[in-house]
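I opened my notebook to jot down what I looked up in this structure. Here is what I had on the screen.

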Amino acid sequence: KRLLDLLLAVPLFVLVGPLLVALAPLVRRSTGGTAFVRIPVAGVDNRPFRMLRLRTMRAKIRPELHRVPGDLRLTPLGRRLRASLLEIAPELWNVIRGEMSMVGPRPLTLREAAQILPRHRFRLSLPPGFTGLWKVDSRQEIAPLDELELDLQYFRLRSLLLDVAVLLRSLDEILRRPRPH
């Protein structure tokens with residue numbers, strides 16, 4: 001699994017890295033803050049780490065892990081970064097560092113991790129995923145409890161073959177996304 005993570009994350013990061021560097025001054029100018037934000041999340045065994053993302057809101061607004069559809073707090077550039085998924089590209093660095101995996105359970109904020117029920121603590125035994133069943137489920141909106149159940153399903157069925165299937169479904173969704181204007 002770690003080898004698959006590195007075989008995918010390193011080339012993707014090398015490919016998207018120059019674009020992130022080119023976008024950084026534009027993000028700083030449009031948001032009035034640093035180009036990258038570090039969002040505290042729970043890693044394996046509930047060890048916190050800072051997940052990297054491109055800033056999409058003004059610097060005065062605290063970055064959030066979860067997206068709000070139609071969020072009016074986004075800058076115009078931030079909307080485009082989210083629509084193109086470039087906002088999450090810096091998370092590849094977290095995968096390279098071993099804090100995340102390409103496929104795994106949905107990342108949890110530290111508050112969410114502190115509040116999960118004992119039956120869902122399994123999530124803290126796996127690194128959070130860049131993608132996962134929670135991201136490729138066919139439903140548009142997934143309730144938090146349903147996300148937990150999808151994570152439980154991933155935990156029970158996890159295998160290299162499942163990871164490849166989730167990655168292929170994720171790629172399919174990316175290719176089918178409407179392009180930002």
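**Ground rules.** I am working with a predicted model, where local features need pLDDT of at least 70, side-chain atom pairs count only at pLDDT 80 or more, and totals for chains, interfaces and linings use all residues. Residues are numbered from 1 along each chain as its sequence is written, and side-chain values use heavy atoms, with hydrogens and water left out.

**Helix α1.** I looked up α1, which covers residues 2-31. Helices (H or I, at least four residues) and strands (E, at least two) are DSSP runs, numbered from the N terminus. α1 has 30 residues, yet its end C-alpha atoms are only 35 Å apart. A straight helix would reach 44 Å at 1.5 Å a residue; this expected span is 1.5 Å times one less than the number of residues.

Where is the kink in α1? I found it at valine 16, shortly before proline 18, with a bend of about 40°. The bend at a residue is the angle between axes fitted to the seven residues ending there and the seven starting there.

Next I listed the buried residues of α1, among them Ala9, Val16, Leu20, Leu23, Ala24 and Val27. Buried means under 20% relative accessible area, exposed over 50%, and partly exposed in between (1.4 Å probe, protein chains only). Just after α1, glycine 32 takes a positive phi of about 75°.

**Leucine 52.** This residue lies in strand β2. Is leucine 52 buried or exposed? It counts as buried because its relative accessibility is 13%. Leaving out residues up to four places away in sequence, I saw leucine 52 touch Val37, Arg38, Pro90, Glu91, Trp93 and Asn94.

**Two positive phi values.** Asparagine 46, in the loop between β1 and β2, has a phi near 65°, which is positive in a residue other than glycine. With a relative accessible area of 35%, asparagine 46 is partly exposed. Leucine 85 is in the loop between α2 and α3 and has a positive phi of about 70°, although it is not a glycine. Leucine 85 counts as buried, at 17% relative accessibility.

I needed the definitions first. On a 1 Å grid over the protein atoms alone, a cavity is a set of points where a 1.4 Å probe fits but cannot get out, and a pocket is an open set with protein on both sides within 12 Å along at least five of seven lines; lining residues have an atom within 4 Å of a point.

How many cavities of 30 Å³ or more are there? The search of the whole structure finds two. The largest cavity holds about 100 Å³, and β1 and β2 each supply at least two residues of its lining. The second largest cavity holds about 50 Å³, with Ala42, Gly43 and Pro105 among its lining residues.

I also checked the second largest pocket, which has about 330 Å³ of space. β1 gives the most to its lining, with three residues.

Methods:
Points joined across faces, edges and corners; volume = space filled by probe spheres on them. Contact = heavy atoms within 4.5 Å.
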